[in-house]
Amino acid sequence: MQTYSNSVNGQAVEAADHQEILNPATGDSIGLAPISTESDVGFAVNTARKAQLNWARVSDQEKRDTIVRVTRVLEENSEYLAELITREQGKPLSGPGSRFEMQACVGWTQVPAALELPPEIVYEDEERKDVLHRVPLGVVAAIAPWNWPLMIAIWQIIPSIRMGNTVVIKPSEYTPIATLEMVRLINQVLPPGVLNTVSGDGRIGAALTSHPDIDKIMFTGSEATGRRIIEASTRSLAPITLELGGNDAAIVLPGTDADAIAEGLFWGAFLNMGQTCACIKRLYVHDSDYEAVVNALSNLAQQMPIGDGMDEKNLIGPLQNEMQYNKVKDLVADARANGCEVMEFGTIPDTGYFLPLTLVGNIRDGQRLVDEEQFGPALPVIRYQSLDEAVASANRLDAGLGASVWADDLEQAQQVAVRLEAGTVWINQHGAIHPMVPFGGNKASGYGVEFGLEGLKAVTQPRVISIKK
Ligand code: NDP
């Protein structure tokens with residue numbers, strides 16, 4: 001059985017303990033992942049701290065060139081890493097699966113390499129000139145989740161190092177191997193100590209985020225853990241980018257052509273088996289269009305091949321872990337027990353954490369599957385009578401990551417879009433993120449943004465040089 005290692009200072013680090021990682025589709029063993037200790041966390045942070053001084057001094061052009069070299073490493077190893085993602089995380093190689101995740105890793109590396117944040121004259125008159133410089137924060141602690149393990153790690157790593165920080169990243173205990181391998185490969189072209197890993201469960205995450213020598217925390221995960229991280233950060237006063245879950249609403253406006261939007265709605269809800277922060281988690285459809293939308297989604301759902309994602313014909317894989325599998329099953333069982341119509345599609349294998357694609361009708365606001373984030377392939381479809389009612393429903397929860405409006409008439413869609421409380425409101429698409437476009441949550445979905453120039457600013461601190469003329 002293969003044993004994988006953490007990387008610190010560009011070297012593999014031996015671990016005393018390991019955990020076996022199993023394929024969620026088959027139960028087969030993938031290998032042994034290291035379990036770090038608190039002292040490993042201290043070593044990684046100290047190493048990153050020492051490396052940061054030199055990395056910050058490297059010219060901007062050299063940083064950009066280095067990140068271009070990272071892009072090449074990702075491209076050259078994308079099939080190897082995609083297969084590891086599929087075996088470890090479950091998403092299929094095909095469709096919007098692990099090869100797609102690797103393409104995203106490349107794109108989200110290329111864009112920061114091309115962006116610049118030069119000093120900016122913020123004020124000037126006859127007597128003074130004030131220039132705002134963006135300087136690195138120092139050591140970034142990154143905590144990545146298990147749903148898009150490599151893509152989200154890249155979102156955290158690349159902007160940070162682009163701006164002269166160094167990074168210690170902890171992948172999720174559910175999906176450490178592909179991330180550790182990606183970091184090992186990237187380290188072939190990075191100076192030692194710029195990118196380091198620790199691994200293990202939430203306790204190691206807590207040791208990292210509460211370390212007093214951390215200067216910035218990047219976190220994607222649940223609201224509960226996000227709150228713990230805020231508390232942990234009081235030791236270091238590190239600023240935090242918090243990307244927490246969502247419970248995104250999609251509203252289909254009355255009279256919209258159901259067949260034209262069905263595919264966008266389907267993948268908006270079932271991308272990565274629904275285990276995506278900005279997936280459609282509540283679908284609001286006008287009473288008059290309800291049958292047409294449910295039929296169009298049902299037609300698509302029953303055609304989707306479900307199974308082990310290593311088989312290229314499959315487009316839908318398993319849930320990533322038992323916790324998530326049980327959570328989704330429980331929410332669907334609750335809906336069924338409360339008289340909802342549960343429509344299940346697809347034939348699922350006997351082994352693994354597979355669930356059928358599920359639409360749930362005859363359901364209302366206030367029921368658990370609507371109010372709680374399911375993070376899985378079970379979509380509640382809720383009828384509405386008036387647009388005001390749909391907007392109020394969409395806005396009634398604390399979550400505010402994404403939302404979407406679906407309509408033939410773009411003018412009307414925009415009028416509804418501006419009324420929705422979310423970090424991004426998409427029109428006729430959902431979850432369509434882009435490396436140039438800032439992304440982050442409103443309300444309890446977190447704070448701070450990633451991507452584009454705003455994302456780069458978030459891993460810097462402003463330093464003003466004020467000159468008396
Ligand atoms: P968590 O928030 O616990 O996991 C996210 C990351 O945080 C993982 O790397 C985890 O490590 C780490 N972590 C856990 N505890 C701590 C801590 N005290 N300090 C620092 N880091 C910590 O989410 P879960 O995996 O428990 O999933 C629960 C729910 O969260 C899901 O059902 C889903 O609704 C939501 N979620 C949302 C995601 C998003 O993209 N916004 C991603 C994942 C989950 P480890 O996994 O090793 O415990």
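View 1. A backbone N or O atom of glycine 221 lies 3.5 Å from a nitrogen atom of the ligand. Such a polar contact is a pair of N or O atoms within 3.5 Å. Tryptophan 146 uses an N or O atom of its side chain, 2.6 Å from a ligand oxygen, while a polar backbone atom of alanine 144 is 2.7 Å from an oxygen atom of the ligand. The protein covers 90% of the 870 Å² of accessible area that the ligand has on its own (Shrake-Rupley method, 1.4 Å probe). Please keep in mind that this is a predicted model, where local features need pLDDT of at least 70, side-chain atom pairs count only at pLDDT 80 or more, and totals for chains, interfaces and linings use all residues. Residues are numbered from 1 along each chain as its sequence is written, and side-chain values use heavy atoms, without hydrogens or water.

**View 2. The shell around the ligand.** There are 31 residues around the ligand (a heavy atom within 4 Å), and Trp146, Ser222, Gln324, Lys327 and Glu373 come nearest. By type, the shell divides into twelve nonpolar, twelve polar and seven charged residues, with Gly counted as polar.

View 3. Helix H7 (202-209) gives the most to the shell, with four residues. Strand E10 (216-221), helix H8 (223-232), strand E11 (240-244) and helix H11 (322-337) each supply at least two; helices (at least four residues) and strands (at least two) are DSSP runs. Because domain 1 (6-244 + 445-468) and domain 2 (248-434) both give residues to this shell, the ligand lies between them; the domain bounds come from an automatic or database assignment.

**View 4. Two loop residues with positive phi.** Most residues other than glycine have a negative phi. Asparagine 362 has a positive phi of about 50 degrees and sits in the loop between strand E15 (357-361) and helix H12 (368-371). Phenylalanine 451 has a positive phi of about 80 degrees, in the loop between strand E21 (446-447) and helix H15 (452-457).

Methods. A polar contact is a pair of N or O atoms within 3.5 Å; within protein, one must be able to donate a hydrogen and the other to accept it, and residues adjacent in sequence count only if both atoms are side-chain atoms.
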